[in-house]
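Me: I would like to learn to read a model feature by feature. Please take me through one.

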Amino acid sequence: MARENSVSSFNGVHYFTQGWRLIRLPGIRRFVLIPLLVNILLLGGAFIWLFYRLGDWIPRLLSHIPDWLQWLSYLIWPLSVISIVLVFSYFFSTIANWIAAPFCGLLAEQLEGRLTGKPLPDSGWAAMVKDVPRIMKRELQKLGYYLPRALGLLLLYFIPGFGQTVAPVLWFLFSAWMLSVQYCDYPFDNHKVSFRQMRNALRQHKTANMQFGALVSLFTMIPILNLAIMPVAVCGATAMWVDRYRAQSGRL
């Protein structure tokens, strides 16, 4: 009972910081390597290109603001930058996650075995290859969940003034939730828990998951640190699965 009470007090910040510790565990580091390399090559290159383009994009975006709202430009300018970086970071993180999904699942699988002392019965590189079609189908489910909601938020940007001030806040909150869904899904999927069941389980601890996703979103925008964020987030989400959801899902 004491253990359950202590686990219930852990928030998203705890699991995010745990992720940074867990990627350094002996025996786990080799499973971190491929997700780390994918993130460095794709997200690193994308951000270098983005920072060269921001100087052209921001004036174009601000040109859509009507004259009577120009006094808000001091507020809208930084919000516009944050919006572009948020959309851009989530877009390229999604592509990186698609490429690295089988390896992220393998990392979650190996870490869970290390944390619980009970490796999954069908685990390892050969099992990962066999599960690639199922993993890709799961990624399509996440994409189908994400796209209509993202398009609705993007349409807000076309509302002068209101869109440029409110949409960045809503986009950040949505990104926090989606990143929590993205990374928590790896250990859930390893146990064949359905995508709907996984979302319902995450909603029961929505504040902690939003905290976790918000930190992942923030660190995705920070140069250098964002290169390691994929394996860190997988490890933090796996620790959360072990503490909060494994018993709840009947996977003991």
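The dialogue below goes from confidence to fold, then to side-chain pairs.

Me: What kind of model is this, and which cut-offs apply?

Reply: It is a predicted model, in which local features need pLDDT of at least 70, side-chain atom pairs count only at pLDDT 80 or more, and totals for chains, interfaces and linings use all residues. Residues are numbered from 1 along each chain as its sequence is written, and side-chain values use heavy atoms, with hydrogens and water left out.

Me: What is the average pLDDT of the protein chain?

Reply: First the idea: pLDDT is the predictor's confidence in each residue, from 0 to 100. Here the protein chain averages 81, and 78% of the residues score at least 70.

Me: Where is confidence lowest, and where is it highest?

Reply: Helix H1 (residues 2–8) has the lowest mean, 48. Helix H2 (residues 12–22) has the highest, 95. Residues 1–5 stay under 50 in pLDDT, and the model gives them two contacts beyond four places in sequence. A contact means heavy atoms within 4.5 Å. Where pLDDT is low, the predicted coordinates should not be read in detail.

Me: How many helices and strands does the protein chain have?

Reply: Elements are DSSP runs, numbered from the N terminus: helices are H or I with at least four residues, strands are E with at least two. This chain has nine helices and zero strands.

Me: Which share of the contacts with a separation of 6 or more joins residues 24 or more positions apart?

Reply: In the protein chain, that share is 79%.

Me: Which residues does the "transmembrane region" annotation cover?

Reply: UniProt positions are given in the numbering used here, feature names are shortened, and annotations may be inferred rather than shown by experiment. The unreviewed UniProt entry places "transmembrane region" at residues 31–52, 72–92, 143–163 and 209–242. Now compare two of these spans with the model. Residues 31–52 are 100% helix and 0% strand, with end C-alpha atoms 33 Å apart. Residues 209–242 are 76% helix and 0% strand, and their end C-alpha atoms are 14 Å apart.

Me: What share of the residues counts as buried?

Reply: Buried means under 20% relative accessible area, exposed over 50%, partly exposed in between (1.4 Å probe, protein chains only). Of the 252 residues in the protein chain, 52% count as buried.

Me: How many salt bridges does the structure hold?

Reply: The rule is a side-chain nitrogen of Lys or Arg within 4 Å of a carboxyl oxygen of Asp or Glu. The structure holds six. One of them joins Arg 134 and Asp 189, at 3.2 Å from N to O. Arg 134 is in helix H5 (residues 125–156) and Asp 189 in helix H6 (residues 162–190), so this pair ties together parts 55 residues apart in sequence. Arg 134 is partly exposed, at 22% relative accessibility. Asp 189 is buried, at 7%.

Me: What else does Asp 189 form a salt bridge with?

Reply: Arg 138, with the closest N and O atoms 3.6 Å apart. Arg 138 also lies in helix H5, so the pair ties together parts 51 residues apart in sequence. Arg 138 is buried, at 6% relative accessibility.

Me: How far apart in helix H5 are Glu 139 and Lys 142?

Reply: They are three residues apart, about one helical turn. Their side chains meet in a salt bridge at 2.8 Å, N to O. Glu 139 is buried at 2% relative accessibility, and Lys 142 at 3%. A network of salt bridges links Arg 134, Arg 138, Glu 139, Lys 142, Asp 185 and Asp 189.

Me: How many aromatic pairs are there?

Reply: Rings of Phe, Tyr and Trp (its six-membered ring) pair if their centres lie within 6.5 Å; planes under 30 degrees apart count as stacked, over 60 as edge-to-face and the rest as tilted. There are eleven pairs. The rings of Phe 16 and Trp 20 have centres 6.2 Å apart and planes at 80°, so they are edge-to-face. These residues sit four apart in helix H2, about one helical turn. Phe 16 is buried at 3% relative accessibility, while Trp 20 is partly exposed at 22%. Phe 188 and Trp 241 also pair edge-to-face, with centres 4.7 Å apart and planes at 70°. That pair links distant parts of the chain, with Phe 188 in helix H6 and Trp 241 in helix H9 (residues 229–245), 53 residues apart.

Me: Which residue lies over the face of Tyr 145?

Reply: A charge sits over a ring if NZ of Lys or CZ of Arg is within 6 Å of the ring centre and within 35 degrees of the ring normal. Arg 149 lies over Tyr 145, at 4.0 Å from the ring centre. Lys 206 lies over the face of Trp 177, at 5.0 Å.
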